[in-house]
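Here is a short briefing on one protein model. Look at the sequence and the structure, then work through the points below.

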Amino acid sequence: MEVTDVGINTEWGLLMASIYEDNGEETPLQVRLNGVAMFIGIVGLLVVVFVLVVLLIRYFIGHTENTEGFVRFKAGKTSFSTTVDGVIKIVTITVTIVVVVVPEGLPLAVTLTLTYSMQKMMADKALSCLLN
């Protein structure tokens, strides 16, 4: 047996180089995943903004109570530091929602994208079987 080429100059080497070559193009699955992840992120942020506004309105209107049953905020009677503490608690709640939405949304994006791709693939296969 005579060896004429090694490494990248062999057929196997060329095949491996083409597999690992990054041409900068995204696959259709990557494009769809990015779109679904972006959609989930935007919806999550919109929900967080809505929750923040609702909680702040409820706090400053006086519809929230502490553990003893007293209203947390009374205009002109609640100290500035107590008001700031209440607002910080509300912001902490909304930040917690953001922290939970992003990591939980990514597996959902993958699942939805794979489900859609599988359905499309099955429909294409069924259509090709009908035409043949």
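Helix 2 is followed by Gly62, whose phi is positive, near 100 degrees. Helices here are DSSP runs of H or I with at least four residues, strands are runs of E with at least two, and both are numbered from the N terminus. This is a predicted model: local features need pLDDT of at least 70, side-chain atom pairs count only at pLDDT 80 or more, and totals for chains, interfaces and linings use all residues. Residues are numbered from 1 along each chain as its sequence is written, and side-chain values use heavy atoms, leaving out hydrogens and water.

**Overall layout**
- The protein has three helices and zero strands.
- From the N terminus, the order of elements is α-α-α.
- Of its 132 residues, 12% count as buried. Buried means under 20% relative accessible area, exposed means over 50%, and partly exposed lies in between (1.4 Å probe, protein chains only).
- Contact means heavy atoms within 4.5 Å. Among contacts with a separation of 6 or more, 62% join residues 24 or more positions apart.

**Confidence**
- pLDDT is the predictor's confidence in each residue, from 0 to 100.
- The protein averages 78, and 86% of the residues score at least 70.
- Confidence is lowest in helix 1 (residues 11-20), at a mean of 77. It is highest in helix 2, at 85.

**Helix 2**
- Helix 2 covers residues 28-61, which is 34 residues.
- From first C-alpha to last, helix 2 reaches 49 Å, close to the expected 50 Å. The expected span is 1.5 Å times one less than the number of residues.
- Its buried residues are Val36, Ile40, Gly44, Val48 and Tyr59.
- An α-helix has 3.6 residues a turn, so residues three or four places apart point the same way.

**The UniProt record**
- An unreviewed UniProt entry places the feature "transmembrane region" at residues 36-61 and 90-116. Positions follow the numbering used here, feature names are shortened, and annotations may be inferred rather than shown by experiment.
- Over residues 36-61 the chain is 100% helix and 0% strand. The end C-alpha atoms of that stretch are 37 Å apart.

**An aromatic pair**
- Rings of Phe, Tyr and Trp (its six-membered ring) pair if their centres lie within 6.5 Å; planes under 30 degrees apart count as stacked, over 60 as edge-to-face and the rest as tilted.
- The count comes to one aromatic pair.
- The rings of Tyr59 and Phe60 have centres 5.2 Å apart and planes at 80 degrees, so the pair is edge-to-face.
- Tyr59 is buried, at 3% relative accessibility. Phe60 is partly exposed, at 38%.

**Thr94**
- Thr94 sits in helix 3 (residues 80-131).
- Thr94 is buried, with a relative accessible area of 4%.
- Leaving aside neighbours within four places in sequence, Thr94 is in contact with Val48, Val51 and Leu52.
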